[in-house]
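The stops below can be followed in order.

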Amino acid sequence: LQSICSQADGSTMETPSDSDGFEAGGSDAKLAVQPPCSCRRLFQDGQKSRCERFDRWARRCIPNYDKADVEARQNSEYTALLGRARQKEQVPCLGEQTMRQVLLDVERTCPALSFFREGGGREMLINILVVWIIFDADTAAATKPGVADAKDEPDRGGCEEPSRQVGYVQGMSFLAMNLLWHAGREETAFWVFVAMMQRYDMRCMFEAPDMHGLQKRTFATTQLVRYAMPALSDHLAEYLQNNLGLLLTDWLLTLFASSVALGPLGVLWDRFFDIGYPWIYRVILARLRCLQQWLLEETDFARLMHIVRFAHVDFDWVHGQLAPRLRCRQQGTNWVSSGGACGNSFANGVPNSARGKSGHKHGLLHRLVRGRRRSFDEPPVALAEPEPDLAYNGQPAAWTCQICNNSEDCESWLTIVTELAEMERVPVDVAERFEAMFGAPASAPTEPQQASADSQVMDATDDDADVRAENVRLRKENAQLRAELQEARKELDDLRGLH
């Protein structure tokens with residue numbers, strides 16, 4: 001493109017030219033195969049050059065990954081696609097708006113890492129995303145109705161065959177960045193990126209017009225939170241105004257790549273490549289559970305969102321159990337911990353302080369003003385203020401943890417990924433049932449469908465009965481809330497009349 005992209009602040013930024021990506025032949029001439037990550041290395045040509053972690057990922061999702069002919073064929077195909085990208089005027093899917101979005105997102109994704117500033121990583125990341133746009137357009141065109149099925153089409157992990165181009169969507173840059181960080185070479189990173197989209201059912205997460213896959217997994221995660229932590233689910237539904245999906249979107253789309261430091265993120269992806277999205281569900285549950293005691297005490301929308309996304313939790317072993325401590329900034333510049341370790345240990349994965357809380361519900365009017373009354377009736381709770389420097393460096397992604405001495409290895413997230421997520425024992429079939437509930441057709445079932453549904457009802461487990469009972473309870477509670485709302489309106493009218 002010869003035009004100039006205008007940024008929001010009024011400054012200008014050039015779009016990628018031939019020197020900003022689109023290097024024919026891939027990254028061999030620009031960068032050694034030594035990846036910038038700190039993982040263990042595998043020997044190649046007598047030298048330690050390949051990342052052992054990335055090698056495991058590639059073997060999990062690319063058949064015959066280690067065979068020379070497969071690598072040569074993939075490199076040749078990638079080079080051909082990259083060559084087409086250089087002739088972008090002849091590729092309709094590489095429009096000016098698309099290229100502007102790719103460039104702007106790349107600049108937001110990795111501005112602080114020297115590998116992307118000085119090591120050629122920025123150009124390689126642009127190449128991966130642009131080649132994916134062309135590859136996806138070709139794949140969509142080959143699978144439209146009336147077009148013969150493409151040969152050797154890879155397994156798509158249960159996702160419907162694409163008939164509409166997805167192209168580039170925000171969030172993809174974070175996935176490609178983490179792959180490139182561990183691969184060091186754009187060709188190998190690209191093909192693992194393609195495998196993630198096709199074999200791990202991720203393409204439908206980005207698919208227009210409604211990102212159905214993202215909606216399905218957001219619904220499933222919300223139901224899993226209710227299944228595992230009903231009290232917290234009710235609290236978040238009330239004070240986040242049923243907007244829990246706002247917290248989940250980044251985590252589900254980027255597999256935590258926009259939130260977690262590079263060290264624990266690699267460990268998290270190890271398990272994702274083993275079992276898929278059920279592991280992401282477990283990490284989300286573990287994160288919410290360790291913050292549960294503070295979340296239940298907070299009613300402000302912005303502070304709830306900030307605690308979930310950015311709070312840094314320390315963990316101590318107390319009597320053989322993990323005890324969370326929330327770090328927060330008080331007066332001055334020192335980091336301190338909120339909550340005593342001895343009184344907040346986990347028992348069977350649940351904070352002791354969250355057990356035995358009264359289930360009594362106040363009237364709606366009382367709950368509406370509860371946040372204001374706390375400042376008079378209760379001592380203030382030391383929680384993290386929504387400042388940009390709380391476990392967050394002001395960038396869209398936390399590649400390093402400022403609290404952990406700007407290290408790639410954040411101890412907080414590493415404990416969540418390695419310890420707490422393993423303690424979450426939500427059965428896989430429960431998550432699958434919630435996903436199926438979202439995708440169930442709304443139209444009246446045919447006779448065979450009805451017979452199958454009747455059979456499933458007869459075989460329903462206790463968990464299914466619990467879900468139905470919970471739905472009945474929620475309907476009753478909604479009716480009660482509507483009645484309380486009417487009563488609250490009357491009280492407000494009476495108060496206005498007094499004044």
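**Whole chain**

Start with everything selected, bearing in mind that this is a predicted model. The protein chain has 20 helices and 9 strands. Of its 499 residues, 47% count as buried. Take the contacts between residues at least 6 apart in sequence: 70% of them join residues at least 24 apart.

**The largest nonpolar core**

Next, select Met 172, Met 196, Met 202, Phe 206, Phe 256 and Trp 269. The largest nonpolar core has 124 residues, and these six touch the most other members. Colour helix H5, residues 121-142, as well: H5 gives the most to this core, with 12 residues.

Keep Phe 256 and show what surrounds this side chain. Which residues is Phe 256 in contact with, leaving aside its neighbours within four places in sequence? The list is Asp 250, Trp 251, Leu 265, Leu 268, Ile 280, Val 283, Ile 284 and Trp 413.

**Ser 258**

Ser 258 has a relative accessible area of 7%, and because the cut-off for buried is under 20%, Ser 258 counts as buried. Its side chain makes a polar contact of 3.2 Å with the side chain of Thr 254.

**Helices H2 and H7**

Now show helix H2 (residues 68-86) together with helix H7 (residues 186-199). Two packed helices are described by the angle between their axes and the distance between the axes. For H2 and H7, the axes come within 10 Å and cross at roughly 95 degrees. Angles of 65 to 115 degrees count as roughly perpendicular, so H2 and H7 are roughly perpendicular to each other. To see the contact, select Gln 74, Asn 75, Glu 77, Tyr 78 and Leu 82 on the H2 side. On the H7 side, select Glu 186, Glu 187, Phe 190 and Trp 191.

**Asp 105**

Go to helix H3, residues 96-109, and pick Asp 105. Is Asp 105 buried or exposed? Its relative accessible area is 5%, so Asp 105 is buried. Two side-chain polar contacts can be drawn here: one to the side chain of Gln 101 at 2.9 Å, and one to the side chain of Gln 170 at 3.3 Å. Not counting residues up to four places away in sequence, Asp 105 touches Tyr 168, Gln 170 and Ser 173.

**Cysteines**

Select the cysteines. How many disulfides does a search of the whole structure find? The search finds 0. Cys 39 is in no disulfide, and the nearest cysteine sulfur, that of Cys 37, is 3.9 Å away. The cut-off for a disulfide is a pair of cysteine sulfur atoms within 2.5 Å. Cys 39 counts as buried at 17% relative accessibility; Cys 204, at 9%, also counts as buried.

**His 312**

His 312 is the next selection, in the loop between helix H14 (301-310) and strand S5 (313-318). With a relative accessible area of 3%, His 312 is buried.

**Backbone stops**

Centre on Ala 208 and Pro 209: the peptide bond from Ala 208 to Pro 209 is cis, with omega near 5 degrees. Pro 209 lies in the loop between H7 and helix H8 (212-228).

Then go to Asn 64, in the loop between helix H1 (52-61) and H2. Phi of Asn 64 is near 55 degrees, a positive value in a residue other than glycine. At 42% relative accessibility, Asn 64 counts as partly exposed.

Finish at Gln 241, in the loop between helix H9 (230-239) and H10. Gln 241 is not a glycine, and its phi has a positive value, near 55 degrees. Gln 241 has a relative accessible area of 56% and is exposed.

Technical notes. Residues numbered from 1 in each chain as written. Predicted model: local features only at pLDDT ≥ 70, side-chain atom pairs only at ≥ 80, totals over all residues. Heavy atoms only, no water. Core = buried A, V, L, I, M, F, W, Y, C linked by side-chain atoms within 4.5 Å. Buried < 20%, exposed > 50% of the residue type's maximum accessible area, 1.4 Å probe, protein only. Helix = DSSP H or I, 4+ residues; strand = E, 2+ residues; numbered from the N terminus. Contact = heavy atoms within 4.5 Å. Polar contact = N/O pair within 3.5 Å; in protein donor to acceptor, adjacent residues only side chain to side chain. Axes fitted to C-alpha atoms, helices over the stretch in contact; angles between N-to-C directions. Parallel < 35°, antiparallel > 145°, perpendicular 65-115°, else oblique.
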